[in-house]
Amino acid sequence: MADLRTDFVGIKSPNPFWLASAPPTDKEYNVRRAFEAGWGGVVWKTLGSEGPPVVNVNGPRYGAIWGADRRLLGLNNIELITDRPLEVNLREMKTIKRDFPDRALIASIMVPCEEEAWRAILPHVEDTGADGIELNFGCPHGMSERGMGAAVGQVPEYIEMVTRWCKQYTRMPVIVKLTPNITDIRYPARAAHAGGADAVSLINTISSITSVNLDDFSPEPSIDGKGSHGGYCGPAVKPIALNMVAEIARDAETRGLPISGIGGVTTWRDAAEFIALGCGNVQVCTAAMTYGFKIVQEMISGLSNYMDQKGYAGIEDFRGRAVPNVTDWQYLNLNYVTKARINQDDCIKCGRCYAACEDTSHQAISMSEDRVFDVIDEECVACNLCVNVCPVENCITMERLPAGTVDPRTGRTVSDTPSNWTEHPNNPSNVAAE
Amino acid sequence: MTASQHQSGIQPARLDPDTLAQNFDDVQPPLDGHEAAVAADRCYFCHDAPCITACPTDIDIPLFIRQIATGTPDAAARTIFEQNILGGMCARVCPTEQLCEEACVREAAEGKPVEIGRLQRFATDTLMARGDHPFTRAEPTGKTIAVIGAGPAGLACAHRLAMHGHDVVIHDARPKPGGLNEYGIAAYKTVANFAQAEVDWLMKIGGITLEHNSALGRDITLEALQSGYDAVFLGIGLGGVNALGLEGDDKSGVRPATDFIAELRQADDLTTVPVGRHVVVIGGGMTAIDAGVQSKLLGAQDVTIVYRRGKSAMSASGHEQDHAAQNGVRILHNAAPVKLHGNGKIDAVEFAYTEATEQGLTLSEETFTLPADQVFTAIGQTLATDAGLTLERGKIAVTGAGRTSLSDVWAGGDCATGGDDLTVTAVAEGRDAAEDIHATLMKGA
């Protein structure tokens, strides 16, 4: 059995599955249930300053989009940070850490962008026995209007400044949670790194309106006929998160900075992908909110099963293995030539590949009167669209032309020597070609 | 030469070998990977799921289905086997439409439950096909337990005891292990010698010895077992059958349905198994259905199952009754046999109509007669030996996890009181008795 234990910036947990700071981690009751179900760690719902807590709306907080069969694909929320008094949260955190010493307990914090506010809260958090803190620079709704959350995360200088304060005023590891609502994730990551952050975690939610009610013309979720943008999360955001994680993992300035991966982790496979892109652990929220805390059992058994099959004894054995394979477009091998191949035994003759190719691509699939679909190699640019729209898995595959054969589309002989855009004669910057 | 379906008497080879092979093929073919993914996708991962509650072995069904959905059928199989080591057979023979699938919330919502049984088979077949055994034994305890009967209860008990580090000797009355899995289930439900393959796979845990042709009361006594072993588990099933108790029930052509089902299962060549032209099956349970359908599939011209009560009282599930009807078997309700006709050999059965009254079933004056050159009786089975134990309604009386009237003897499965007479119930009882035996033997250890 694979060893799933992780040591993330000195914080140990029995498995890499943490619950993200969110509604599921707002109270001792929930967190206790989570740990009993097997979660490795919890980032407590974001704490605010002492004094009267924030208030939430009293109408719906969530909007959603669904696939067929009402599979929840994306969730949007307008809930704010914890609306319970700071001292209650701190007391409960202390109890939890005492009862579950082997699990990771992280405090998420969001206070005004003033040194005194951060200096004041940190000793209280430290007193709970929490293993670390996560700076919430991510929430895009509500708190950002008050100069917190994503409003900080969108200004790299603020990130660096607050991170530095936290490193100065606490011995706890500092994880900086980043907002994806920014054009280039590397800038805030670099700022966190420069401020001395022990790690970054990403992504927080994406600003979104899930839908519009076409009877009363209110965005959803609707509060008395009006709506406000919320934070989007769930399976739909995973590709965005993976890219941002990869950007940080391969950036010259931030390479090696520990990353806690967040964004649509729903199954063991999602978690393994984040880990392969360098994450030391993952944080989950929507999957737990959709299916309950028990969902972690599948994540644990699946990841363990995968690692056993691959012969990985621990997480570190495959962490970051995909990072060197993330590159810029200009370095992709243009001599890698493939063609679509349709397995006629598997084909159910729906014609979706034909429609996709004929109408929207390169007219590279032929259709006979008796509905036999074939690839026309002279036209096939290997775009992969037919593979993606085919309802039968592995019915259409992309197969590489071996070196020495002639690509009927270009008339060129396929070379086994890799060559990319930087060396291509059409590239105006390619001086070597002249 | 092929005998015609219209030839009277009990004849082999009424159908050609190809038709027979087709008739006795897998009644519900396995799901392929894509079908399994689509089927698994329908599970809602319910909280405190009703399907788990409905499963006698408490398999965590939503978890194993999600493990299939996420591409880890091996993990799914382990989830199943942790609760039910005969999960492979149960996936084939469980009346899921009365258990997990009846409880499925999608059954209530759409009348179309998640195909739990077929998904279970997909997972267990995937792991078993590779021959992997997912469990290992604990450190040896030095204790040895006798398990009597290598049926579902005995096998489940033996496996769990072996896992706990005990040594186990299974005594079985028959030449092959498996009990009803091997001798008592329709051939089309468990093709390709699955029952034996499953026993071989189960035995890979180690520490279990099998003694064949060793029957309680015939070859061994309970006293000898008690003195020779640290504990005894009885999973001996119901080896006897009820007789009709009618005039003429000794005529040739009349036999217990269980014998016919066993003969058919043990036949290497289906063309050698004889069957009547006009077959009458008396009874209303799974055994009656299995005998009736298989008679039809062997080439009987007409097969009638006659049950003395109404449709809803039949212990065979609605699914099984439909299966019989689809195969051309007629089911008559509310009729009971009154006389067997024939000169030495059976040639007809006379029935009276029944009516349920407060005094029990009453028979009508009016009778009708069905031609029959073969009659199968499936009106219940009985304990073959009581071994001196306290009985209750004809079964070994047990309390808790299979505790009998003797402190070192446990019992489970069909031979013991409690639970339905189902494979899956027998597995649960065998497993739970093993846990109790383990706890008892290790007390103070």
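1. Contact order in chain A. Take the contacts in chain A between residues at least 6 apart in sequence: 69% join residues at least 24 apart. Contact here means heavy atoms within 4.5 Å. This is a predicted model, in which local features need pLDDT of at least 70, side-chain atom pairs count only at pLDDT 80 or more, and totals for chains, interfaces and linings use all residues. Side-chain values use heavy atoms, leaving out hydrogens and water, residues are numbered from 1 along each chain as its sequence is written, and chains are lettered from A and ligands numbered from 1 in the order in which they are written.

2. Overall make-up. Chain A has twelve helices and 20 strands. These are DSSP runs numbered from the N terminus: helices are H or I with at least four residues, strands are E with at least two. The C-alpha trace of chain A spans about 75 × 55 × 45 Å along its principal axes. Of the 434 residues in chain A, 51% are buried. Buried means under 20% relative accessible area, exposed over 50%, and partly exposed in between, with a 1.4 Å probe and protein chains only.

3. The barrel. In chain A, eight strands close into a barrel with parallel pairing, in the order β3-β4-β7-β8-β9-β10-β15-β16. Neighbouring strands of this sheet are turned by 25 degrees against each other on average, direction ignored. Axes are lines fitted to C-alpha atoms, for helices over the stretch in contact; angles run from 0 to 180 degrees between N-to-C directions. Strand β7 (residues 104-109) of chain A runs parallel to β8(A), joined by four bridges. Two strands pair if DSSP finds at least two bridges between them. Ser108(A) has Glu134(A) in β8(A) as its bridge partner.

4. Nonpolar cores. The largest nonpolar core has 82 residues; Trp39(A), Val125(A), Ile133(A), Val176(A), Leu202(A) and Leu303(A) touch the most other members. Helix α7 (residues 238-250) of chain A gives the most to this core, with seven residues. Such a core is a set of buried Ala, Val, Leu, Ile, Met, Phe, Trp, Tyr and Cys residues joined through side-chain atoms within 4.5 Å. Not counting residues up to four places away in sequence, the contacts of Leu202(A) include Met244(A), Val245(A) and Ile248(A). Another core, of 67 residues, lies apart from it; Phe64(B), Leu155(B), Ala156(B) and Ile205(B) are among its members.

5. Aromatic pairs. One is Trp118(A) with Phe137(A), edge-to-face, at 6.3 Å centre to centre and 75 degrees between the planes. Trp118(A) sits in helix α3 (residues 115-127), Phe137(A) in the loop between β8 (132-136) and α4 (150-153), 19 residues apart. Rings of Phe, Tyr and Trp (its six-membered ring) pair if their centres lie within 6.5 Å; planes under 30 degrees apart are stacked, over 60 edge-to-face, the rest tilted. Trp118(A) is buried at 1% relative accessible area; Phe137(A) is buried at 2%.

6. Charges over rings. Arg66(B) lies over the face of Tyr291(A), 4.4 Å from the ring centre. In chain B, the charged end of Arg92(B) sits over the ring of Phe194(B), 3.6 Å from its centre. The criterion is NZ of Lys or CZ of Arg within 6 Å of the ring centre and within 35 degrees of the ring normal.

7. A buried arginine. Arg265(B) lies in helix α14 (residues 257-266) of chain B. Its relative accessible area is 13%, so Arg265(B) is buried. Not counting residues up to four places away in sequence, Arg265(B) touches residues including Asn181(B), Glu182(B) and Thr190(B).
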